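Let's take a friendly walk through a protein model and see how its chains meet. Have the structure open as you read.

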Amino acid sequence: MTNELDIFVGNTTLIDEDVYRLWLDGYSVSDAVGLRVRSGILEQTGATAGVLQSDTMDHYRTFHMLERLLHTPPKLLHQLVFQIPPSRQALLIERYYAFDEAFVREVLGKKLSKGTKKDLDDISTKTGVTLKSCRRQFDNFKRVFKVVEEMRGSLAGNIQQHFLLSDRLARDYAAVVFFANNRFETGKKKLQYLTFGDLAFCAELMIQNWTPGAVDSQVDDMDVDLDKEFLQDLKELKVLVADKDLLDLHKSLVCTALRGKLSVFPEMEANFKFIEPCRSDRWPLNDVRLFLNQYSASVHSLDGFRHQALWDRYMVTLRSCLLRMYHD
Amino acid sequence: MPGKLKVKIVAGRHLPVMDRASDLTDAFVEVKFGNTTFKTDVYHKSLNPQWNSEWFKFEVDDEDLQDEPLQITVLDHDTYSANDAIGKVYIDIDPLLYSEAATVISGWFPIYDTIHGIRGEINVVVKVDLFNDLNRFRQSSCGVKFFCTTSIPKCYRAVIIHGFVEELVVNEDPEYQWIDRIRTPRASNEARQRLISLMSGELQRKIGLKVLEMRGNAVVGYLQCFDLEGESGLVVRAIGTACTLDKLSSTAAFLPACNSPSKEMKESPLVHPPSHGCRSTHNSPIHTATGSRLTQNFSVSVPTLIYTGMGSGSAGKEGGPFKALLRQQTQSALEQRGGSPHRFCRSREFPFFTLTAFPPGFLVHVGGVVSARSVKLLDRIHNPAFVGIMGNTRSYKLLDWNSFNSDEPETRDAWWAEIRQEIKSHAKALGCHAVVGYSESTSICEEVCILSASGTAAVLNPRFLQDGTVEGCLEQRQEENLPPGCGFCHIPYDELNMPFPAHLTYCYSCRKQKVPDVLFTTIDLPTDATVVGKGCLIQARLCRLKKKAQAEANATAISNLLPFMEYEVHTQLMNKLKLKGMNALFGLRIQITVGENMLMGLASATGVYLTALPTPGGIQIAGKTPNDGSYEQHISHMQKKINDTIAKNKELYEINPPEIPEEIIGSPIPEPRQRSRLLRSQSESSDEVIELDLSHGKKDAFVLEIDDTDAMEDVHSLLTDVPPPSGFYSCNTEIMPGINNWTSEIQMFTSVRVSRLSNINLTNQTLNKNFNDLCENLLKSLYFKLRSMIPCCLCHVNFTVSLPEDELIQITVTAVAITFDKHQAVQTTKTHVEKSLQRASADNEELLQFPLELCTDSLASHPFSPAKEHLESASSNSGIPAAQRAVSVEKASPLTEGHFRQRSAPACANSTVGVVKMTPLSFIPGAKITKYLGIINMFFIRETTSLREEGGVSGFLHAFIAEVFAMVRAHVAALGGNAVVSYIMKQCVFMENPNKNQAQCLINVSGDAVIFVRESELEIISAQQPIASCQPACSGGEIAT
């Protein structure tokens, strides 16, 4: 005797958080049942494997029906078919749009195209995230990207409005969209040690300071692209490196100010420029901070350097990014 | 021209894409009522059209208002080809026709298509202006209120309970018309939906007319059912209890209920004399024919059993009852009633009540369950020429059709009249003049139909009579001296001249009157009844194989099997009751389902221990071959198992009645042996019945004799029923005896399982086991699914069995899970005041846990809205961005008042969807129903030709049931309600053809749309009224403490 049809429909839609997680993680029904059995649920509840199988199938079916609505979360709130308390609706949306750290680091900065989608197989193998889950996460990125790409107003705000995500998650998505749009290569070996959190932090600062939206909150694509004018202007700053006199002057100013305060002073003098050397020389974070502060501040004392405002726009963001990225 | 119907089409949303090229839709709407159609403008290129139409006005008879549904069709405009239908909405405008219900229907309705399901929503406003009609020959019955609830609705008082009303209408089923071969499935489904809607309206109007003639103003316990008879047609029938109800205002609330007798109730209590005639003056041929056509139809009446609950004694297979039954079944129904003057009597005098709960003092005694079944052959009555006419004109106006087939409804009427007559005489045999908790049902397979009726024989309070009989007065005086709560258990029949042998004792409560040892009823537990411990769901399950046969042979085979099934179901119920250590069954419902090659019996009831009845004896097993040592050992092992189970159950259900010394009770009435006797009443009861005494001398013990493997199986199956996991209880009555502290958390659900029997060479044993496992596993699944609600009780558990195909068994369960407060539930003696105080403080504590900010948010527009659950959700709802909270809340219906608007809680700020609760119970725990908005009675068909793509049969039905719930909720919300009570899924007919990738399902649901207010909110409102209405809900805490 086999059950051909087996359904349970509640007036309030039952959502089992554990099963939802398994479904999001891309497990098949039988895998999910196996995992649930291993969690000891049968012993706790006295249920049989058959009951668990039926329950899992039922939840999977519900999630499958809800998935269409989750693609446009406002629809989930307005639809009449599933009566779900608001807190549960929020949970469904938030979890659906949540992504794995391992996965996002693979995709971040790549073009959200069919080509990348083909690589999901490899990403799945590499990260241990199931292919199904990779697809969902990738499609989420792409869907959010498409919706907010051409929109006016704050990037995170738009995402929040159209996908009803939490503040935190909306800002993460803003970073994903920002990186994807600007194709920042985050997969380079040198950058491997950076977490998504680090990159999201940087993206947020860049969105705040380096996009057209930082200057004018009414332009199109204000948060998505980098401010072209600003990038153009940055060339002006090259003078700080290119002009030998200016460089030397800047260097001496920084060195004088920091003498005795830094535990790694000799190395600083020698290296002066980049983050990687500091890391390889194991500078304490505090020293890096002091150095960068001084580095940006002392420019103001450079006579003959006219781009103070530009420098600040550049350096304030860069300094924060560098500090955030300065870890093991 | 007594009415004007006004309709406005406001907007649509979430429409499907109808034009692939633009990914948009050019939608417009057709509004149709009767033969008049209006159209809106086309709203181009939008999935969220804003039509904002003018008011479409229909000037119509109120007769049409009652019969016709408002039909709204959403279409996609196409310049070059035919416009494509997107879907339809049928709106029953009946709730607008009585003054106390809804005044406007306004809200978002799902647009439904029988092939695609829900496709977006449409916002509609409907109003009715009714003109007073003084025409006394009118055909309409506007103003008669209908309630599905099987008790007097909460905000009403029963002035008079008039009695039974019934009606049926018949039509051809569009699915079986010749035209169905050439039209699309969609057209066929829509024709069917519309026809049934029309028939329901007509039926309700006709019942209403009867009520008006009885001078009533309402029908309570209204139950409408469809019989899909296939080729022979479609029957829509309804029964109910006519009442005169008074709306309870605060001043009228203290008047005692049900004490205004009517002069017309002299002859028979509570029912109008037949001379009055409840027949409608309507000229439909349905009512005119008088001669019985019974003899034209093949008909087998099944000897009927009375479940009096006289249970003690032997249940041996060769016992007397069995033989008696064998004899009985050879007699036909007509023979049995030969000579009865009532044979063709068209009297409507059925003292039946579809109510299951009664005003205090209404129910005096309960005799036991009476039931009657009869097997009928559905005859093909259709004239092919006539069908052709029907098909061409495509007219489903019922009167036209009936004029061609006037004999048809008469036949069905006669069938039911016959059954009711039988029930009535059974009740008489039990010394009862009335039947309460009455219901009727059918089971159809091909051309065979089993008609069933059952109820509880009862004596009702003679105080309802103006001039009570002497007997009645005496009885009344006696009753008044008794402690309350045991009177209904006292036997109504004469103990010296009993219709059957029974084991009687003096009542364990009052010790003055006689009571039976076991009591079976179809009603809810009376509120004043005293019970020990908790109750539990008890089910008897049974299958019987039958040979496939045609026509008369088939009907005979079925009617031969039925008595055996009834008998075994009764035995199982009795055994299981004893095993639980209980002595009474309430809400008993026995369903016999007929299939091609088998019969299924499923009985559900709620077992309790009534303090008035004696403690049930145990179950003793007796072997047939006492000399075999190992056999003896086995028997004693089984005996031990049974004793252990009884002990365990007593502990589980907290059954520890106070010990009463034998001498106080007095000796039992002289009755030589305790026996299980199943009896029909009337002539047969006087027959000499050979009985075997199988009681092994042990007093009070119920002896099970194990004489063969079958019996062994039976005993085993008794022990396989697993009790629900700890923290769970279940019952099929409204409330669970012994649990009284419900919280407001409820979850109504429907679960459906279809199982395929794998083995073709089935035996009764394997079939029984399969069926038993199917039911048990389903229950286990429910317990598992609802485990987060523990401690919790499944109430009103309603199982329905159908046999859609040869090897398929379908079980549909609808119930509501209600969480209760474990700690308070134990203390049953708390006074109401204490309880309400506790509840108030508990609620306020909960309210205060949440940030004040939330309350101030909602302060301005809706001071009392933050119900507990919404505050909870709000506090955990970090996912909804703050920016969204500013979005203004759109009301789903302009009717809903501030404090009903659960949707106005800040958390669901940009959701316009209000919460609508659904429950099969007549009440909402922790809340007060303030208004009944009208009956919900909806019928849907869903069909698919892409079954696999829709997730197979499970995916298809899951989506459909979810959609049905959604449409019910939308209609309730549009009426301004926030709940539907007494909800029932009356039919869920599922058919599949996986090879063709097709499936079809028909669902019929009904219930009462209501507005409820949380008791905690009521308290706060009343407490705050003298202060200021703009106080936040949180401040209620200060008042309570």
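Strand 1 of chain A and strand 27 (residues 742-756) of chain B run antiparallel and are joined by 8 bridges; two strands pair if DSSP finds at least two bridges between them. Strands here are DSSP runs of E with at least two residues, and helices are runs of H or I with at least four, numbered from the N terminus. In this pairing, A:Leu5 stands opposite B:Val754.

This is a predicted model, where local features need pLDDT of at least 70, side-chain atom pairs count only at pLDDT 80 or more, and totals for chains, interfaces and linings use all residues. Residues are numbered from 1 along each chain as its sequence is written, chains are lettered from A and ligands numbered from 1 in the order in which they are written, and side-chain values use heavy atoms, leaving out hydrogens and water.

How many residues does each chain bring to the contact? Here are the numbers, with contact meaning heavy atoms within 4.5 Å.

| Chain | Residues in the contact |
|---|---|
| Chain A | 44 residues |
| Chain B | 63 residues |

Together, chain A and chain B bury about 4700 Å², 60% of it on carbon and sulfur atoms; buried area is the accessible area (1.4 Å probe) that two parts lose on being put together, summed over both. There are 5 salt bridges between the chains, each a side-chain nitrogen of Lys or Arg within 4 Å of a carboxyl oxygen of Asp or Glu. One of them links B:Arg756 with A:Glu4, whose closest N and O atoms are 2.6 Å apart.
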